[in-house]
Amino acid sequence: MIEALRKKAEELLRSNTVNVIYGYGEGSTPERTRPVFITKPEDVSKLTWNKYCVYNLTTYLKRRESRKLGKPAIVVKGCDAKTIVVLIKESQIKREDVYILGVTCNGVGEPMATKCKACDVHTPRIYDELIGEKIENKEIPFEERYAELEQYEKLSEKEKWDFWQKQFAKCIKCYACSSICPLCFCDRCIVDKNQPQWIDPSAHPRGNLSWNVTRAYHLAGRCINCEECQRVCPADIPLNLLNKKLAKETEKNFKYRAGYNIDDELAMATYKEDDNQDFFK
Amino acid sequence: MRTWRLCGELFLFQLVLVRYSIVEKILKKEKFNSLITGLKDQGYKTIAPKKDNNLIMLDEVQSADEIHLDHVQTNNSIKEFFLPKTEKILSYRMEKNKVSIEEPEGFAVKTVIFGSRPCDAASLPVMDKVFNWDCTDKFWIQRREASAIVTIACDKCDNYCFCTSVGLAPDSKEGSDVLLTRISDDEYLAETVTEKGEKLVESLGTVFTPADNPGTETLNRQVATVEKKFEIEKVKPWLDENFVHKVWAEFSTKCIGCGACTFVCPTCHCFDIVDECTMSKGDRVKNWDGCQFKMFTLHTSGHNPRSTQDQRWRQRIMHKFKYYVEKFDSILCVGCGRCSRVCPADMNISEMLEIIATENSQTGDKE
């Protein structure tokens, strides 16, 4: 599979189909990979593929430094490919701006990432070239896809509040969560706006609560569950619980799954008369 | 004249050397509880490594059972006990023709930091220089005075550790008041490093016992071997010449511009001051800030002198290994490796320094 990936990457660079490959390379330790940006055909041997390829490389579509390198081909897993769909739907990129090097995937991380446990996109649903044997994407029931919320949803309102108070107290406001998120693409985040100051920049209880809740809400109906925010959090805050809960509510109320079908209308940007409006009270 | 001066200098040098002589004692693990109780009785708050789910955090402990010692490094650094992630520096109230200001008190609490690593301890004297510079920072200084540092030498390390490349060691004494080194499964050799440390040990009475065989050579000191990754002497000369170089962009394309590296760093000390206020009253708050954020250098005009990530990454390296050295004669890095461990994109600072040191050697060869 690595050989096929390198071969295709080399071909894309030689034919000038793309200017750069965003891919995975060897990391600091054998248990780690890192993003690499290959611009020369002779460097494709730096590309790798293994179970430690957890990153969602589509985040580099929002970064000026990587965009400067020209048209990219991006190595994406099934989950990451959903980001590209959302970015297209939200007019951030055009389909032809990016070459999708889809890889089939049986799960990443050691131990395996939570996102992989109920995966129904082992084979990306959108790609230009598929690397690896096609794996059948089995449909997974709604409840099973949101199984990680089971314990959390059993908590009382008070317990949930206490749980998040404790979690958010650990936040150091490094903004790794939003920096890594491929869908947090605002040029100037609301937390950086101070006239008026919507969110206190301080890492005290009020500032941390408003930041973390706002971040999650801005991803409601948009988050594709790549779990990158949670992976990178140096304070080990289970941020994906928030994202997952919002995704579940969106699916329940609007039958919408972010990035799943390119023809679906965006849940948060489309109004339908028959939308479920029970939550207006 | 010169001879006399030299003699004088030698005399002074000896004075410095003899001013403090190390006292060796033994601390048994079973005494940890009496240690914590003893400290509590004297009014100290004890900070020690504690397990919190997947993290090992330096945090307040009430008993020895909470202390976790089987780790390479704590996730948080020692800095937050002197420079907290957020703190109120004053409150103000505006009335008709008057502004009243209230300054916080009681922020310097008597504290013992127990079981932090030598790299963390070594960061403190480095940071003392900047906080005692043109503007003396009372928050830092008073907390430093109220605290004692009881370090435990590292008995293990990982790939990210590089203290030996920046002039330190897994059993360095810099910044510690007492250094503990494991000598058996349940015993530590305690070496007092400062008078403050010695007084602390004395004040705890029988918690520390006399060493049977004074002289550390005879003891089985369990200290990790940290591989030396680069020659630090080669770093600054290269930085002096290469403000513009392709390596900055090549290395940092993967950087996502968050502040994780600077916030977990024991020596990154930049902060931002904000007012949290209503029309008539407010708090002035000091928060951690970091040079990797694009907002960090954004001017009111809209101009940003560090508009791309490679410039911000260069700033991080330059500040630590060139500017701080020029200003304060210290490297602003203790080789703890935290920045590389947490980096979301696996940017590895020692790898960058290895590249720089190698580049320097190659340039040298050409000449």
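Of the 281 residues that make up chain A, 42% come out as buried. This is a predicted model, and its scores are an ipTM of 0.94 and a pTM of 0.92. As for overall dimensions, the C-alpha trace of chain A spans about 60 × 40 × 35 Å along its principal axes. The radius of gyration of chain A is 19 Å, which agrees with the value near 19 Å that a compact globule with 281 residues would have. In terms of secondary structure, chain A carries 11 helices and 5 strands.

Chain A splits into two assigned pieces, with domain 1 covering 2-131 and domain 2 covering 142-254. Going by C-alpha atoms, the centres of domain 1 of chain A and domain 2 of chain A sit 25 Å from each other. Where these two domains of chain A meet, domain 1 puts in 16 residues and domain 2 puts in 17 residues. On the domain 1 side of that contact in chain A, the elements giving two or more residues are α3 (78-89) and α4 (114-117). The largest share of this side comes from α3(A), which supplies 5 residues. Sorted by class, the side of domain 1 of chain A that touches domain 2 holds 6 nonpolar, 6 polar and 4 charged residues.

Turning to chain B, the confidence picture comes first. The mean pLDDT of chain B is 91, and 92% of its residues get to 70 or more. The stretch to watch is residues 1-18 of chain B, where pLDDT stays under 50 and the model has 0 contacts beyond four places in sequence. Where pLDDT is low, predicted coordinates should not be read in detail.

Chain B is also divided in two, into domain 1 (23-218) and domain 2 (232-366). The centres of domain 1 of chain B and domain 2 of chain B, again over C-alpha atoms, are 26 Å apart. Contact between the domains of chain B brings together 32 residues of domain 1 and 28 residues of domain 2. On the domain 1 side in chain B, two or more residues each come from β4 (86-95) and α3 (118-131). The top contributor to this side is β4(B), with 9 residues. The class breakdown for the side of domain 1 of chain B that touches domain 2 is 17 nonpolar, 8 polar and 7 charged residues.

That leaves the contact between the chains. Here, 30 residues of chain B touch 26 residues of chain A. On the chain B side, the elements that give two or more residues are the helices α8 (260-264), α9 (309-328) and α10 (338-342), along with the strands β11 (271-277) and β12 (281-288). Of the elements of chain B, α8(B) gives the most to this side, with 3 residues. By class, the chain B side of the contact with chain A comprises 12 nonpolar, 13 polar and 5 charged residues.

Methods
Residues are numbered from 1 along each chain as its sequence is written. Chains are lettered from A and ligands numbered from 1 in the order in which they are written. This is a predicted model: local features need pLDDT of at least 70, side-chain atom pairs count only at pLDDT 80 or more; totals for chains, interfaces and linings use all residues. Domain bounds come from an automatic or database domain assignment. Two residues are in contact if their C-beta atoms, placed from the backbone, lie within 7 Å. Helices (H or I, at least four residues) and strands (E, at least two) are DSSP runs, numbered from the N terminus. Ala, Val, Leu, Ile, Met, Phe, Trp, Tyr, Cys and Pro count as nonpolar, Asp, Glu, Lys and Arg as charged, and the others, Gly among them, as polar. The radius of gyration is taken over C-alpha atoms; the globule rule is 2.2 Å times the number of residues to the power 0.38. A residue is buried if 20 or more other C-beta atoms lie within 10 Å of its own, exposed if 12 or fewer, and partly exposed in between; C-beta atoms are placed from the backbone. pLDDT is the predictor's confidence in each residue, from 0 to 100.
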